[in-house]
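This report walks through one structure, taking its elements in turn. Please keep the sequence and the model side by side while reading.

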Amino acid sequence: MPKPLRIYNTLSRTIEDFKPLHEDKVGMYVCGPTVYNYLHLGNCRTFSSFDIIFRFLTYCGYKVRYVRNITDAGHLEGDRDEGDDKFAKRAKLEQLEPMEIVQKYTQYFHDVMREFNCLPPSIEPTATGHIIEQIELTKQILANGWAYEVEGNIYFDVAKYSQDNNYGVLSNRNLADLLDGTRELGGQDEKHGRLDFALWIKAKPEHLMQWQSPWGMGFPGWHIECSAMSQKYLGQQFDIHGGGMDLIATHHTNEIAQNCACSGTGPARYWMHTNMLTVNGVRMSKSAGNGFLPDELFKGTHPLLEKGYSPMSVRFFMLQSHYRSTLDFSNEALQAAEKGYARLMSAMKLIDTLKTDGDASAYIQELRNKCEFAMCEDFNTPIAIAHLFEGVTFINNVNDGREKISVADKTALKKLFYDFVFDIFGLKEELGSNNETLSDVVKIILEQRADAKARKDFASSDALRDKLLAAGIVIKDSKEGTTFTVVG
Ligand code: AMP
Ligand code: ZN
C-alpha cells in the first residue's frame, strides 16, 4: 500500500486526502512549455516542483504515468485568441521555419531540464503530433452543441455551457466577475460572447503551420491540445493536473469546460498549481524583462546577478520554499542556498567516515518519519529540508564524538539522506566552486590573470579567461574581486 498523502486541490481550495482512481497508480498531466523562445527560471521553478512531486509519488510506492506536453503550435500571444501566432512571429524574426524554432527551443528546454536534474516525463506528447485528436474533440464538442462555427473558426460557447455548468469553478469566480475582466466585443468580432474561446482557428494562406480540417485549413486553439493529449494518454479522468498558477483563469478553466462538454466530467480530480517566481516582487516573465535565462544564471551574465550560481544551488534555493508560495529571487537568498547546499553535501560525505560505537536507531527512524510526514502533507519541501538539517547537525555531532551510532544506524542514516537528497529532491553532487581542491587551483590561475592584467598584458589575461571558460569555468569580475562558477 502506498503511503497516505494529502494534497492541496485548487478545485476545493483545501488540502484533501489523496485517493487515486486506481489504488497504486497515479496519472499526472502537467502543462509543458511553449517552445517558441528560451525558457526562463520561472518556468524552471514550475517544472522542478512537479519533478519533485513525481519523484515523491514514486518514493511513496505509486506507479506514476507522468505526461508533460510540448506546446509547439496554436499558441497566440494573447490568452484570448488575440495577437500573432507565437511561433510564426518568432520564425519571421529569426528567419527560420516554425518547426526549426520548435526544434531549437525544445532542445534548449531538454538541456536545461537535464542541468537541473529533472527526470524526463513518462510521455512527452506534442500538439502538432495530435492534430487529429484535437479535430476529433472539436467535432464532438460541436456535435454536443457547445460550440459554433463562424467562417472556418470554431468557438466554444461559454454562455450556453454556463447554463448547466459552473465555468469559473477552478478560479472560484462567477460569470459576472469573469466578464468584468474581459474587453467588450467590437463590431467586427465574430465571437458570440466575450468569454468564448477558439477550438479551431482558420489560417490565412501565408500561415506556415496549418492543417486540413472539416472546417477548412487551420490550426487548433491552445487549450484543446491539453484536453486531447491528457485524454489520449491518461483517460477521460485521471488523478493530478498541474501547471503554474497563471494557467488557472483561462487555460485550465477552458480545459475543464472542453472536457465537460465532451464527456460530462472534468479531466482531473486534483488540480495542483505552483506559485510564481518573482524578482523584487514582480512575476518573472519574458515580457517584464526580468526573465533571465538559466544560462545567464549559471554564468552570472545578467545585470541582476552578482555572480554565477550552479544548477544544484539553484535547485536547492527552489526547494527552500513551498511550491504554493511565491519565491522571490535575490542574490542574498541564492548565496545562502549555495552555502546550505554545500553544508548538506559536506555532511553527507562524512557519513561513511563516522565511528560506530553506540546506538541511535530510534532517532534516525524518527527523522525519516518527520521528513516523510512533511512531504506527505502537500509536498512541504522547506519543512522536510529543515528536518534534514537537524540530521546534518547530528552527523556533525557524531563526527565530533558528541553522539554515537551503530553500524546499522550508519547504513540507515546514509539511506535516509540518499533517499531524500538524491532520489526525492533530485540534488546531485557537483564538482563546483565548493570543491576545495578545484577552488584552490582556480584561485592560482586567477592570481596569474591578475598579475598579467597588472602588467597590462591583456592578451595573456584574456587567454587565461578563455581557457577557463573552455574548461567550463566562468569568471566574473566585480568591485569586490573575481568570482567563478563551474558550469561545465
Ligand atoms: P509557458 O512556456 O509560458 O507556457 O510556461 C510554462 C510553465 O511555466 C507554465 O506552467 C507556467 O505557468 C509556468 N510559469 C510561467 N512563468 C512563471 C513564473 N514566473 N514562475 C513560475 N512558473 C511560471
Ligand atoms: Zn495545458
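## Terms and conventions

A residue is called buried if 20 or more other C-beta atoms lie within 10 Å of its own, exposed if 12 or fewer do, and partly exposed in between, with the C-beta atoms placed from the backbone. Helices (H or I, at least four residues) and strands (E, at least two) are DSSP runs, numbered from the N terminus.

This is a predicted model, in which local features need pLDDT of at least 70 and side-chain atom pairs count only at pLDDT 80 or more, while totals for chains, interfaces and linings use all residues. Residues are numbered from 1 along each chain as its sequence is written, and chains are lettered from A and ligands numbered from 1 in the order in which they are written.

Helix H4 takes in residues 131–143, and at 1.5 Å a residue its 13 residues should span 18 Å, which agrees with the 18 Å between its end C-alpha atoms; the expected span is 1.5 Å times one less than the number of residues. The buried residues in H4 are Ile-131, Gln-134, Ile-135, Leu-137, Thr-138, Ile-141 and Leu-142. They cover an arc of only 160 degrees around the axis, so they lie on the same side of H4, the arc being that of the directions from the helix axis to the C-beta atoms. Ile-132 and Ala-143, on the other side of H4, are exposed.

The buried residues of H4 are covered by elements that include strands S5 (147–150), S6 (153–156), S7 (197–202) and S8 (218–220), together with helices H7 (222–234) and H8. Contact here means that the C-beta atoms of two residues, placed from the backbone, lie within 7 Å.

After H4 comes Gly-145, which has a positive phi near 90 degrees. Trp-146 lies in the loop between H4 and S5, and it is buried because 21 other C-beta atoms lie within 10 Å. Leaving aside residues up to four places away in sequence, Trp-146 touches Ile-141, Phe-156, Asp-157, Lys-160, Tyr-161 and Ala-261. Trp-146 and Phe-156 are 10 residues apart along the chain, and their C-alpha atoms are separated by 6.1 Å.

Glu-151, which sits in the loop between S5 and S6, has a phi near 45 degrees, a positive value in a residue other than glycine. Glu-151 is exposed, because it has 8 other C-beta atoms within 10 Å.

Strands of a sheet pair through backbone hydrogen bonds, either parallel or antiparallel. In this report, two strands pair if DSSP finds at least two bridges between them. Strand S9 (residues 238–244) is mostly covered, with seven of its seven residues buried. Strand S3 (residues 25–30) pairs with S9 in the parallel sense over three bridges, and strand S10 (residues 268–274) pairs with S9, also in the parallel sense, over six bridges.

His-241 of S9 stands opposite Tyr-29, and in S10 the bridge partner of His-241 is Trp-271. From S9 the chain crosses through helix H8 (residues 248–263) to S10, in a β-α-β crossover that is right-handed; that is, with the strands pointing away from the viewer, the path from the first strand over the helix to the second runs clockwise.

## The shell around ligand 1

Ligand 1 is surrounded by 17 residues, of which the closest are Gly-42, Thr-46, Gly-244, Leu-277 and Met-284; a residue counts as near a molecule or strand if its C-beta atom, placed from the backbone, lies within 6 Å of it. Helix H1 (41–59) and S9 each supply at least two residues of this shell, and H1 gives the most, with four residues.

Strand S11 (residues 277–279) and S13 run parallel and are joined by three bridges, with Thr-278 standing opposite Asp-328 in S13.

What covers the buried residues of H11 includes helix H10 (311–319), H13 and helix H14 (407–424).

Phe-379 lies in the loop between helix H12 (361–376) and helix H13 (381–399), and its phi is near 55 degrees, a positive value in a residue other than glycine. Phe-379 counts as buried, because it has 24 C-beta neighbours inside 10 Å.
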